[in-house]
Amino acid sequence: MKIELSILIYLLTLSLVFSQGQEKVNIEKILSKQIETGNDQSYGCYSDYGKEDLDALVSIEDTILKNNGYKTPEIDIFNQKIKTIFGRIIDNQSKNSYLKIYKNDKCDKGMDYQPFYTGLDYIYVVKNNNFITVFYSLPSILDYQKIYPEILKYEESPLTYTYADGTEIKISRWKDYKDLPEKRRFNQQLLIFRNKYLFNDDQSQFAWLISNDEYFMRSLVTTFGYTEDKKLLKWVIENTNLPYFDKNAKTENLKDLSKLLWTKDCNGNIRVHQNTLDLIKELSTPDDNLYIKYIAEYISNYMVSFPFKEEELTIEQQAKIAAYILYWGEQYKYDKQYNYNQMFMTRFYNYNYQKDLYEKEFIKNNYYGLPKFKEWYEAAKKEKDYFNGGKGMEDDPQPSDYESRAKYIK
């Protein structure tokens, strides 16, 4: 998509003053400050950035978005999208103009104005304008050399830094950043494509995003638990590295599978991703059922042999996850095309040393309202254990162990 520079000249017609809510933002003043301090993070050039810098950025980005087809959603629709995608609730009565989201700690609800270049990859929800942004510097989103030529005077003299011993060195300025035009274009595209995809439901942005914004797109599912977009969910599932029975990376791989199957919110509530389970069922056939085998391995090793070893979960939380995944897997016992009879509830019951604690939680929660859970679980408890005596896949599951064991059902 071509970003028209001419639309940014429109900024000049507003006398360099923009409105965001009730606040006035002087773009030229902020831009001059940022140009004067340069772009060398190692010498703290971003240390004095604050809310007014973000306000100025948002004023420019609002114009960029509107002139590139972004349809600003209604407040209620936008708020619901933020809740569904990121699990955060917007308080429109709050005086704070922004909501900060941190992918590395989704439960961090504090406000902190930190530019992208400091290494803190925050996402800012702009409550007054209904879009999300990264905290860029103005030179990295705006072609200041064309639109504000008078600003160039601030880059005429060298910018230096003096060490304690008196040594003076030259610091990089924005004009020295050779890749700035390309980076600026990328930043503009990222702003437009993310917002149109997430809040305008514009699927035409998807291909560019998964090619150029892979980490963010994956995090929507694996960090925030957003599974409502089937196309995105399918892409994440198919691009999750889960080598079958790879002993050298088993723990890591199974933890990656956890991120696809369930999410724990900041209040400790567990949400099992039924959308993921439904899609895996849809993607599986009797002849191509690798994902079912992944989940069977997840039950055998992650839930049975080493119960959620890598997760900080209470028994109540573990039991809820186990119940939904076991229930999903047990359907294949009763499907004659698959007949994985011993791989789910039976395996779990016979080899999980915490089974009594789990069963107590199952009963207390009325089997989580899962219609056939009690019937199937009681039947599994009565089965003859094919793996008794250490046979089968007790220590090292092999693909052949997933074959039908129907003759062992009483």
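Q: How many helices and strands does the secondary structure of the protein come to?
A: In this predicted model, the secondary structure comes to 16 helices and 9 strands. Of the 410 residues in the protein, buried residues make up 51%, and among contacts between residues at least 6 apart in sequence, 66% join residues at least 24 apart.

Q: Why is Phe-348 called buried?
A: The relative accessible area of Phe-348 is 0%, and the term buried applies under 20%, so Phe-348 is counted as buried. This residue lies in helix H14, which spans residues 345–351.

Q: Which residues is Phe-348 in contact with, leaving aside its neighbours within four places in sequence?
A: Phe-348 is in contact with Ile-299, Met-303, Val-304, Ala-322, Leu-326, Tyr-358, Phe-362 and Tyr-377.

Q: Which residues touch the most other members of the largest nonpolar core?
A: That core has 111 residues, of which Phe-86, Met-217, Leu-232, Phe-348 and Phe-362 touch the most other members. Helix H12, residues 290–305, gives the most to this core, with 9 residues.

Q: Why does Glu-330 count as buried?
A: Glu-330 has 0% relative accessibility, and because the limit for buried is under 20% relative accessible area, Glu-330 counts as buried. Glu-330 is found in helix H13, residues 315–330, and, not counting residues up to four places away in sequence, Glu-330 touches Phe-344, Met-345, Trp-376 and Ala-380.

Q: Why are H13 and H15 called roughly perpendicular to each other?
A: Helix H13 and helix H15, the latter covering residues 355–364, pack at an angle of about 75°; angles of 65 to 115 degrees count as roughly perpendicular, and the two helices are therefore described in that way. Their axes are 9 Å apart.

Q: Which residues make the contact of H13 with H15, and how do they divide into nonpolar, polar and charged?
A: On the H13 side the contact is made by Ile-315, Glu-316, Gln-318, Ala-319, Ala-322 and Ala-323, and on the H15 side by Leu-357, Tyr-358, Glu-361, Phe-362 and Lys-364. These residues divide into 7 nonpolar, 1 polar and 3 charged.

Q: In what order do the strands of the open sheet lie, and in which sense do they pair?
A: The sheet is formed by 3 strands in the order S3-S4-S5, and the pairing is antiparallel. Strand S3 (98–102) and strand S5 (131–133) are the edge strands, since each pairs on one side only. Neighbouring strands of this sheet are turned by 25° against each other on average, direction ignored.

Q: Which strands does helix H3 touch when it packs on the sheet, and how does helix H4 run relative to S4?
A: Helix H3, residues 51–66, touches S3, S4 and S5, and its direction makes about 125° with that of S5. Helix H4, residues 75–86, lies across S3, S4 and S5 and runs at about 160° to S4.

Methods:
Residues are numbered from 1 along each chain as its sequence is written. This is a predicted model: local features need pLDDT of at least 70, side-chain atom pairs count only at pLDDT 80 or more; totals for chains, interfaces and linings use all residues. Side-chain values use heavy atoms; hydrogens and water are left out. Two strands pair if DSSP finds at least two bridges between them. Helices (H or I, at least four residues) and strands (E, at least two) are DSSP runs, numbered from the N terminus. Axes are lines fitted to C-alpha atoms, for helices over the stretch in contact, and angles run from 0 to 180 degrees between N-to-C directions. Contact means heavy atoms within 4.5 Å. A nonpolar core is a set of buried Ala, Val, Leu, Ile, Met, Phe, Trp, Tyr and Cys residues joined through side-chain atoms within 4.5 Å. Buried means under 20% relative accessible area, exposed over 50%, partly exposed in between (1.4 Å probe, protein chains only). Angles under 35 degrees count as roughly parallel, over 145 as roughly antiparallel, 65 to 115 as roughly perpendicular and the rest as oblique. Ala, Val, Leu, Ile, Met, Phe, Trp, Tyr, Cys and Pro count as nonpolar, Asp, Glu, Lys and Arg as charged, and the others, Gly among them, as polar.
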